[in-house]
Amino acid sequence: MDTDDTTNKMESTKISVSKIKHDWYQTETHVIVMILVKNSENVKIEYEKNMLSVSAKLPSGSDYSLELDLAHLIIPGQCSHKVLSSKIEIKLKKQNGIRWNTLEGNLVEQNVVQPIPTEILQANDQTPKYPSSCKKFRDWDKVEKEIEKQEAQEEPEGEAAVNALLQRIYGNGSDEVRRAMNKSFVESGGTVLSTNWSEVGQGKVEKKPPDGMEWKTWNS
């Protein structure tokens, strides 16, 4: 491979990774970090008391990495994350119930940051507007609702959609519906799934493989 081609590919990789942005907001107990990367794979996240490390594989094949020296201490064992099609959402558990002025910074500064007074949190029954790295004001209650709406709209497709539908039918069905589904599926070797107990309860459910196929046991 030509040296110039290698250099160009390396620069292209760096540019694509550098375009990925991250933002954050906080509640009384958690700091939520959002990495705006789509369709990431092999996501690995390491939590330490004062550090967050994230690595992932991008759809382009590039490797993404983010290392943050946190401004305050967290509880690693109570942190979590979700990998969505539109982003990576990381939830950091605060060790102390204090307000973070910045996401990154010197831990020494935490000694001069005081907890949010209770009277301020309760004033007018309004949720406090926490600072973030973004200079523009954001209503994080509205943002959170929009995120939840987007996640609800991310419907499964194909086989996953069928499985989700069957789970809803089974979970919301009556005892007779559940008995019918269990009996028909087991007795038919997985070829029949019925919710009609008046029909299924009359006798053994026969196997009905799809057209052009023959039902056989594993040992046959």
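The following legends describe close-up views of a predicted model.

**Figure 1. Overall architecture of the predicted protein.** The protein contains 6 helices and 7 strands. Read along the sequence, these elements follow the order α-β-β-β-β-β-β-β-α-α-α-α-α. Of the 220 residues in the protein, 28% are buried. The protein exposes about 15300 Å², of which carbon and sulfur atoms supply 49%.

**Figure 2. The nonpolar cores.** The largest nonpolar core has 24 residues, and the members that touch the most others are Ile 35, Leu 52, Leu 70, Ile 90, Leu 92, Trp 100 and Leu 103. At least two residues of this core are supplied by each of β2 (30–35), β3 (41–48), β4 (51–57), β5 (63–69) and β7. Another core, of 5 residues, lies apart from it and includes Ile 32, Met 34, Val 143 and Ile 147.

Figure 3. Lys 93 lies in strand β7, which spans residues 88–93. The residue is buried and yet has no salt bridge. Glu 28 carries the nearest side chain of opposite charge, 10 Å away. A salt bridge requires a side-chain nitrogen of Lys or Arg within 4 Å of a carboxyl oxygen of Asp or Glu. With neighbours within four places in sequence left aside, Lys 93 is in contact with Thr 29, His 30, Leu 73, Ile 74, Ile 75, Gln 78 and Cys 79.

**Figure 4. The salt bridge between Lys 57 and Asp 63.** The structure holds 2 salt bridges, and one of them joins the side chains of Lys 57 and Asp 63 at 2.7 Å, N to O. Side chains of opposite charge can pair when their charged atoms come close. Lys 57 counts as partly exposed, at 27% relative accessibility. Asp 63, with a relative accessible area of 53%, is exposed.

**Figure 5. The salt bridge between Glu 89 and Lys 82.** The side chains of Glu 89 and Lys 82 meet in a salt bridge at 4.0 Å, N to O. Glu 89 is buried, and its relative accessible area is 16%.

Figure 6. Lys 19 is placed in the loop between α1 (3–18) and β1 (22–26). At 63% relative accessibility, this lysine counts as exposed. Lys 19 and Val 37 are separated by 18 residues in sequence, and their C-alpha atoms are 9.5 Å apart in space.

Figure 7. Leu 165, Leu 166, Ile 169, Phe 185, Val 186 and Leu 193 make a nonpolar surface patch of about 510 Å². Helices α4 (158–172) and α5 (175–187) each supply at least two residues of the patch. The largest share, 3 residues, comes from α4. Val 186 is placed in helix α5 and counts as exposed, at 64% relative accessibility.

Definitions and conventions:
Residues numbered from 1 in each chain as written. Predicted model: local features only at pLDDT ≥ 70, side-chain atom pairs only at ≥ 80, totals over all residues. Heavy atoms only, no water. Helix = DSSP H or I, 4+ residues; strand = E, 2+ residues; numbered from the N terminus. Buried < 20%, exposed > 50% of the residue type's maximum accessible area, 1.4 Å probe, protein only. Lys, Arg positive; Asp, Glu negative; His and termini not counted. Contact = heavy atoms within 4.5 Å. Areas by Shrake-Rupley, 256 points an atom, 1.4 Å probe, with all protein chains shown as cover. Patch = residues over 30% accessible without salt bridge, like charges linked within 9 Å, V, L, I, M, F, W, Y side chains within 5 Å. Core = buried A, V, L, I, M, F, W, Y, C linked by side-chain atoms within 4.5 Å.
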